[in-house]
Amino acid sequence: MSNFFKRLLNDSSSSDEEERNTWFAAAIEFERQNSQGTGAGNRSSRQYRYRDRVSGHSRLLNNYFVENPVYDETLFCRRFRLSRPLFLRILHTLQQHNDYFVQRRNAANTVRLSGEQKMTAALRMLAYGMSADSLDEYVRIGETTTIECVKRFCQGVVEIFGAEYLRSPNAADISRLLLKANQRGFPGMLGSLDCMHWAWKNCPAAYHGMYTGHVHRPTIVLEAVASYDLWIWHAFFGMPGSNNDINVLDASNLFANLQEGCGPSVNYTIMGNHYNMGYYLADGIYPRWATIVQSISHPQELAHDFFAKKHESYRKDVERAFGVLQTRFAIVRGPARFWHHEDLTFIMKACIILHNMIIEDERVDDNGLVAMASGNDDYDSLGTDDPVEVSRGPISFDHFMATNRAIRDSDTHYALRRDIIAHLWTLHGQGVIE
């Protein structure tokens with residue numbers, strides 16, 4: 001309270017009551033104006049803006065969601081990164097899961113933001129990596145509301161679709177992966193393995209040392225396994241950027257599921273030798289395990305050189321998946337501007353889930369059947385001699401330790417690589433693989 005206001009309250013010399021009331025009202029108005037903008041916690045410092053949300057909702061519907069929209073399906077896919085039916089499917093599922101995305105009225109009987117507006121704001125931020133207040137002019141949504149939409153959208157997508165689109169391969173998936181691997185000349189291959197770093201711009205200063213590695217800025221590591229169609233089957237996110245790929249592999253559950261009997265059990269034969277665990281293609285930093293196959297750095301023989309070329313070509317599947325993921329969702333390509341690690345985890349997982357949903361949506365043909373990358377794919381050609389099993393039952397401790405030793409067996413690693421080299425060279429000599 002100002003000294004002027006205190007003196008006015010204590011002043012009893014004036015005999016004119018009306019004049020005193022006038023001065024009292026002027027003092028209150030003076031105090032109210034001076035109190036505005038004095039602190040972040042002052043409620044009077046917040047300015048209300050009438051955004052005309054109804055017109056923003058109508059404009060959005062006319063542009064994209066009516067029977068004859070202004071922008072066709074091609075432009076919709078380009079701007080939203082997914083098709084209109086997939087957009088509506090996700091929206092309707094979110095509305096059933098969380099009423100935040102249902103359009104309602106507030107206490108003043110004013111229509112709030114619609115689900116289309118909130119989901120559009122969230123997808124635009126994920127797709128373009130733009131700032132939160134850049135959507136205000138078109139969607140008619142404020143900065144804080146946009147950030148809340150992104151958080152609720154990503155959390156809802158992970159909770160609803162995570163079990164399906166972040167799952168491990170089932171029997172049908174493994175059959176498809178093995179079929180494609182056989183056609184490529186790598187029997188038993190389940191995909192390619194690698195890590196990606198996501199820069200964390202707003203990393204707290206106390207965590208900079210822990211999250212800073214070879215990139216020389218705070219990053220968070222994503223370990224992923226991708227197949228030939230760029231589907232991401234395994235996503236382990238959250239390790240600080242100071243860790244290398246080996247540390248991330250030790251912390252992830254990629255092979256922990258296999259040790260506990262929850263992973264896929266794959267049986268295949270190469271050059272007369274039987275193997276019962278699938279493997280992943282990886283670069284040279286990874287350990288020489290029976291479930292990881294690396295290339296040959298300096299091949300000296302023609303067979304080794306041919307193997308190295310094919311290995312490095314197919315190992316790029318995961319690199320391509322990272323590139324497509326960052327192209328579709330620019331938020332994971334640029335520095336992360338959120339403060340909390342949990343928010344970044346939800347955003348990354350939501351982008352991967354949406355990436356897989358888009359792949360599934362784009363490979364469905366007009367008849368409702370899954371369209372493979374090659375028109376010559378035939379599941380029946382696998383036969384019954386190579387059964388695919390997915391174990392889900394409990395195991396004993398001795399079996400756990402035996403599986404752990406089998407995964408880390410370097411002798412099996414070198415034997416498997418020799419068989420793959422001989423198998424590829426045989427197919428090359430027969431003209432099956434060029």
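Here is a short chat about a hairpin and some salt bridges in this predicted model.

Local features need pLDDT of at least 70 and side-chain atom pairs count only at pLDDT 80 or more, while totals for chains, interfaces and linings use all residues. Residues are numbered from 1 along each chain as its sequence is written, and side-chain values use heavy atoms, with hydrogens and water left out.

Me: Over how many bridges do strands β2 and β3 pair?
Reply: Strands here are DSSP runs of E with at least two residues, helices are runs of H or I with at least four, and both are numbered from the N terminus. Two strands pair if DSSP finds at least two bridges between them. β2 (residues 219–226) runs antiparallel to β3, and the number of bridges is 7.

Me: Which residue in β3 is the bridge partner of Glu223?
Reply: β2 and β3 form a hairpin with 5 residues between them, and Leu230 in the turn has a positive phi of about 70 degrees. Across the strands, Glu223 is partnered in β3 by Phe236.

Me: How many of the 9 residues of strand β3 are buried?
Reply: Buried means under 20% relative accessible area, exposed means over 50%, and partly exposed is in between (1.4 Å probe, protein chains only). Strand β3 covers residues 232–240 and is largely enclosed by the rest of the structure, because the buried ones number 8.

Me: How many salt bridges does the count come to?
Reply: A salt bridge needs a side-chain nitrogen of Lys or Arg within 4 Å of a carboxyl oxygen of Asp or Glu. By this rule, the count is 13.

Me: Which residue meets Glu73 in a salt bridge?
Reply: The N to O distance in this pair is 2.8 Å, and the partner of Glu73 is Arg84. Glu73 sits in helix α4 (residues 73–80) and Arg84 in helix α5 (residues 84–97), so the pair ties together parts 11 residues apart in sequence.

Me: How many residues apart are Arg184 and Asp317?
Reply: Arg184 and Asp317 form a salt bridge, with their closest N and O atoms 2.7 Å apart. Arg184 is in helix α9 (residues 171–184) and Asp317 in helix α13 (residues 302–328), so to speak distant parts of the chain, and the separation is 133 residues.
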